[in-house]
Amino acid sequence: MKNYKIIKKNFGITLIEFLIIIIIIAILTNIGISAWERFYEINEYNNNIMAVEYTINKSKIIAMEKTINIGICIDSENNQIIVYEIGYERNNNPCSGTRLFTVKPKGEGTQISSSGIIIFDPRGLNIIDEGDICIQNTKLNTYYKIVIGKGYQKIEKGKGLCPS
C-alpha cells in the first residue's frame, strides 16, 4: 500500500493580510488624488492662458476685418478682460467705446494684470509703444506674460509673481 499525504490548501487570506491590502490601496489612492488635483490645476491654468491668447488674436482679427481700432481693457477688480470697439479715432483709452466681449479666467488663484495700453489699429498692430497682459497663478507660483508692441508680440514666463 502506498502512503498518501493529505495536502491542505488554504485559498483564503487572513484578516491581517486583508488589512495590509486595504492600507496599500488607501495610500495609492491618496497619492493619485493629490496628483490628479495638481494636474487639474495646471490644465485649468493653461486653458486660461489659451483663452487670453485667443482674445488677443481675435481682437487683432476684428480690428483688421472691420478696419477700426480695438481696445483690450483689463479690469483687475473683477479679474477679467474686456474688448472694446473704439472706432476710428486714436486715443489712449482702451476702455471706451462699444463692448464686444469679456473673458474671465476660471479657477482659484489665477489673476490677470496689465501694464501699458493695448489698442489694435486696422493693421492689427498695437498703436501705443508697448503693453502687456500677465496671467499669474498663486497656487502654482507661476506667471505667463504676453508683451505686445508695435509689430511684435513676445512671451515671458517664469516662477513667482508677474514682473513689473
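This is a predicted model: local features need pLDDT of at least 70, side-chain atom pairs count only at pLDDT 80 or more; totals for chains, interfaces and linings use all residues.
Mentor: Residues are numbered from 1 along each chain as its sequence is written, and side-chain values use heavy atoms, with hydrogens and water left out.

Trainee: Why are C73 and C95 called a disulfide?

Mentor: A disulfide is a pair of cysteine sulfur atoms within 2.5 Å. The sulfur atoms of C73 and C95 are 1.8 Å apart, so the pair qualifies.

Trainee: What makes this disulfide of C73 and C95 right-handed?

Mentor: The torsion about its S-S bond is about 90°, so it is right-handed. C73 sits in strand β1 (residues 69-75) and C95 in the loop between β2 (80-87) and β3 (98-103). Strands (E, at least two residues) are DSSP runs, numbered from the N terminus.

Trainee: Why does C73 count as buried?

Mentor: Buried means under 20% relative accessible area, exposed over 50%, partly exposed in between (1.4 Å probe, protein chains only). C73 has 7%, so it counts as buried. C95 has 34%, so it counts as partly exposed.

Trainee: How do you know that C134 and C162 form a disulfide?

Mentor: Their sulfur atoms are 1.9 Å apart. The S-S bond shows -90°, and the link is left-handed. C134 lies in strand β6 (residues 130-137) and C162 in the segment after β8 (152-159), so the pair ties together parts 28 residues apart in sequence.

Trainee: Why is C162 called buried?

Mentor: Its relative accessible area is 17%, so C162 is buried. C134 is buried too, at 2%.

Conventions. Helices (H or I, at least four residues) and strands (E, at least two) are DSSP runs, numbered from the N terminus.
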